[in-house]
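Here are some brief notes for a first look. Please keep the structure open while you read them.

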Amino acid sequence: MKLTTLIGAALLATTAIASPALADGPIADRGEAVERAHFQKDRETILSMAGDYKVRFDMQESTPWMEGYEPLDRKISGGYESVRVIEDTGTKIVLQHLLVVGNEGEEFVIKHWRQDWEYEPEKILAYTGPNTWEWKEMPERMRNGRWSQTVYQVDDSPRYAGWGEWQDSQGIRRWRSNWTTRPLARRDAVRHPIYDRYEGINRHQLTPTGWIHWQDNTKMMPDASAEGGLKPVVQEYVLNNYDRFDGYNTGAADAYWAATKDYWAAVRDMWADVAEANGGITIEEEAETGTVISGRLLTIGNELQEGTIAQDAAIAEARALIGEATAPAQQGAY
């Protein structure tokens with residue numbers, strides 16, 4: 001066989017081996033009818049994540065990437081969580097998570113995380129480093145057929161954002177994000193580790209009893225001598241299981257949201273206004289609470305439900321807190 005023929009065969013074989021990577025490339029136009037069908041199925045999938053659940057959070061540091069680092073012990077926790085659709089415009093779906101904790105008859109609700117899904121967005125609010133989130137353009141060639149997911153913290157300040165495609169493979173419905181950068185979760189922040197952020201891929205997959213949120217995180221630390229100024233420390237695998245379950249006081253979650261939803265809608269609008277005005281959000285964070293104003297924003301919500309503060313006063317105080325904490329003049333100090 002001639003050398004040129006051998007080279008051609010080798011290149012063809014290499015192309016065949018590498019072809020699965022094309023799944024992460026642009027989605028070609030599939031025609032209006034097919035695109036509409038995919039869009040509707042995606043919407044149904046996202047909306048199906050709403051409901052009442054028994055949740056199990058399983059976090060495990062595994063492979064150390066830095067010599068001498070000892071992975072932390074596995075951490076497992078759980079509870080009851082109600083997920084509600086609080087906005088649906090067609091191309092944007094907002095899901096609010098509400099934790100219900102406490103003994104029967106003494107339940108109380110903790111406003112938990114929020115996830116916003118947006119179809120073919122032009123930009124996402126991405127975490128870019130300590131205390132900082134910036135608008136990042138979503139590559140135009142990658143928008144077709146894809147959804148972004150932006151996750152917000154308990155006070156509705158941003159946490160991280162990514163984008164990906166809902167797919168069916170091996171009989172499983174799943175969404176996988178691009179690589180996303182995230183600030184430390186409270187479970188790590190309170191331990192004051194050497195790493196200060198995660199680079200991770202998020203997956204959401206439907207199960208017969210609900211859905212899972214699966215994270216593959218590389219924990220990173222600043223290192224001026226490393227490429228990009230960051231050095232990998234350890235790998236972490238997180239598996240959050242949401243199993244449908246209504247054997248708890250789901251009404252407590254709905255009662256809390258009924259009493260506070262207008263307040264939190266105003267808070268969401270305030271954060272959105274800051275992000276648009278400043279090209280992103282800069283706010284100081286602390287290990288115990290997330291943002292420095294998170295504790296008070298949540299307390300205001302509790303006071304509103306208890307009737308110890310009027311809604312107008314609650315919104316005015318929240319507006320003042322967010323405005324002061326994100327004032328551009330303070331950004332250089334963070």
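1. Which residue in strand 14 is the bridge partner of E134? It is G280. This is a predicted model, where local features need pLDDT of at least 70, side-chain atom pairs count only at pLDDT 80 or more, and totals for chains, interfaces and linings use all residues. Residues are numbered from 1 along each chain as its sequence is written, and side-chain values use heavy atoms, without hydrogens and water.

2. The open sheet has three strands, in the order 5-6-14, with antiparallel pairing. Strands are DSSP runs of E, at least two residues, numbered from the N terminus; helices are runs of H or I, at least four. Two strands pair if DSSP finds at least two bridges between them. Strand 6 (residues 132-137) and strand 14 are joined by three bridges.

3. Strand 5 (123-129) and strand 14 (280-282) are the edges; each has a single partner strand, so one side of each lacks a neighbour in the sheet. From one strand to the next, the twist averages 25°.

4. Helix 4 (residues 250-278) lies across strand 5, strand 6 and strand 14. Its angle to strand 14 is about 105°. Axes are lines fitted to C-alpha atoms, for helices over the stretch in contact (heavy atoms within 4.5 Å). Angles run from 0 to 180 degrees between N-to-C directions.

5. L297 lies in helix 5 (residues 294-306). L297 is buried, at 0% relative accessible area. Buried means under 20%, exposed over 50%, partly exposed in between (1.4 Å probe, protein chains only). Among the residues that L297 touches, leaving out those up to four places away in sequence, are Y263, W264 and W271.

6. L239 is in strand 13 (residues 230-244). At 32% relative accessibility, L239 is partly exposed.
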